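Please look over the sequence and the model below before reading on.

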Amino acid sequence: MERALFLLLLLLSSQLADSNAEEAFDVRKHLSTVTRYGFGKPANNYFSPSNVPDGCIPIHLNLVARHGTRSPTKKRIRELDNLEARLKVLTRDAEEQMLSLQKVPSWLRGWKSPWKGKMKGGELISKGEIELYDLGIRIRENFPDVFNEEYHPDVYAIRATQVPRASASAVAFGMGLLSGKGSLGPGRHRAFAVTSESRASDILLRFYDTCENYKDFRKRQEPAVDKLKEPILDEITSALVSRYGLNFTRQDTSSLWFLCKQQASLLDITDEACSLFSPSEVSLLEWADDLEVFILKGYGNSLNYQMGVPLLEEVLQSMEQAIKAQEENLAHGSYEKARLRFAHAETVVPFTCLLGLFHDGSGFQQIQREQPLELPPKPPQERNWKGSIVAPFGGNNMLVLYSCPANSSSKYLVQVLHNEVPIPMPGCDGSDICPFKVFKERIVAPHLKTDYHTVCRVKLTKAKQNPSIISRLAMLFRRLLLGNDDKWSRKDDL
C-alpha cells in the first residue's frame, strides 16, 4: 500500500513538473530574429559583469542597433493571404471527406489574415516605436556623463539607413534620448538631425547591399540553406497531420510557423498558430531559423562579417578621436560624445561576429583566421547562437569608452554591452571590460587586414577552388539528423 502511494505521488509530481515546464515556456522568447526586444536579453547565467573601476567615467558611446518591431513585408503579406485561402481548402476538403473536425482548433476555421488588403508592409509599428523611445531614455539615464551636454549633431551624431523603418527607429530613439530637453509640446521635445548615406554607397550600415560578392554568395547558397531546413519541416508536418487530421504540406507548416511568429511578436497572440506546435517543435523551428541567420549572415562564412570591417574601423576611429579630445583637454561641446546608428539585422549580426560574441566553444581563433564555424548544436543541446538574442527587433551593441585616473593600470577602458547587458568578450579573456589597447590589438586589428573593396568587388578565386562552405555544412547537418534526407523553406525577417 505504501509503495503504491509512493508511486502515485511520484507520478503526480512528474506530471506537475511537466505541466510547470509547459507553462514556463513562452514562445515569444523563441522567435529567432522576429523576437521583440523585451524578450531578447542575454541570460548571462554563468557570467558576472565586471565592476567599472573607481574613478573611471564614460566619455564616449558607440551604438549599433537594429530597427524596432515592424510589420510583415509585402511579400510576406501575400504569403499570409495564401495561407488564409489554403486553410479554407484544408477544412473544406476534410468536411467533404466526412472527416471529423473535432481535433481542428476553432480559430483555424474561417481564419482571416489581419494584414489582408494592405498594399505596403515592413513599416515600424507602435511597439517598435516604444522599444526605441524607451531605449533612448534608458541610455541617457544609464550614462549621464556622456549625455550631459546640450544637443548638437556633431556631439551626438544619429545615423540611419535610408530604409524608413530604420530612420523611424532613429527618430523614436532620439525623441526618448532628448525628451524634456527642448521646447516643443507638453513633452518638451526638440528637433534633431538624422543623417543617412545613399543605399548605393552605404558601406557602413548597408555593406551587404553594396558587396557584390556577398550578394552572389547569398543568391547561390539560399537554395542550399532551404534544403538544410527541410528535414525539420517534414518531421513537424507529419506530426501536425497526425495531430489535427488535416492534410498539411511542408509549405503549410512553414507558413503557419511564420504566422505564429507574427502573431506572437506583433499582436501578443500565442494561442492560435503558435499553439499548433509543441514547445519542442518550436525549439526545432527556432533552431532552423537560427541556422539560416548563422550561415547567411553570421559565422557560417567569413565574408558575412568581413564586409562589415569598415563599420568596425569607424567605431575604433571614433574612440581614438574621443581619446585625442580627452588628451588635448578640448572644450566641452567641441567634440563628439556619442555615435548612434540604426540599421538592420544584416548590420547587427556581422558586427556582433566581428566582436567575437555568441559562438560556441573555442571559435574566437577561427574567427580571427576568418574560418567558418560549426553549426550551432541541435536542441535539446544548449547553444549560444540564438537569433532571439543576437538580433531581435531593436537588438543592439553598445561600446562604451571610459577614461580612468592617470594612476590606473589602463587609462582607457572599453565595455561592450549587447541589448544593454554586459557581455563577455573572448578577445578580452572573457571579460566585458577591456583595456582600450587590448581591445584594439586583439579584437579590431586582426580584421583590419581585410579591405572591403577587395573582398566585395573582386571575384574571389578561393570560392571557386574550395568546396562550397554550405556543402560542408550540409554534410554536417545530415549527420546531426542521423541520415535523414534533405528538404526545407525560407524566411526573410530583417
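Leaving aside its neighbours within four places in sequence, which residues is P376 in contact with? Contact here means heavy atoms within 4.5 Å, and the residues that P376 touches in this way are W287, L291, F294, D360, R383 and W385. This is a predicted model, in which local features need pLDDT of at least 70 and side-chain atom pairs count only at pLDDT 80 or more, while totals for chains, interfaces and linings use all residues. Residues are numbered from 1 along each chain as its sequence is written, and side-chain values use heavy atoms, with hydrogens and water left out.

- P376 lies in the loop between α12 (364–368) and α13 (387–390), and P376 is buried, with a relative accessible area of 1%, where buried means under 20% (1.4 Å probe, protein chains only).
- Although P376 and A288 are 88 residues apart in sequence, their C-alpha atoms are 9.9 Å apart in space.

**Helix α2**
- Helix α2 covers residues 74–96, and its buried residues are R76, I77, E79, L80, L83, E84, L87, L90, T91 and A94.
- The cover over these buried residues includes α7 (250–267).
- After α2 comes M98, whose phi is positive, near 60°.

**Helices α10 and α14**
- Helix α10 (residues 309–327) packs against helix α14 (residues 436–444) at an angle of about 165°, and the two are therefore roughly antiparallel, a term for angles over 145 degrees.
- The contact is made by L312, L316, M319, E320 and I323 of α10, together with F436, F439, K440 and V444 of α14.

Methods:
Helices (H or I, at least four residues) and strands (E, at least two) are DSSP runs, numbered from the N terminus. The expected span of a helix is 1.5 Å times one less than its number of residues. Buried means under 20% relative accessible area, exposed over 50%, partly exposed in between (1.4 Å probe, protein chains only). Axes are lines fitted to C-alpha atoms, for helices over the stretch in contact, and angles run from 0 to 180 degrees between N-to-C directions. Angles under 35 degrees count as roughly parallel, over 145 as roughly antiparallel, 65 to 115 as roughly perpendicular and the rest as oblique.
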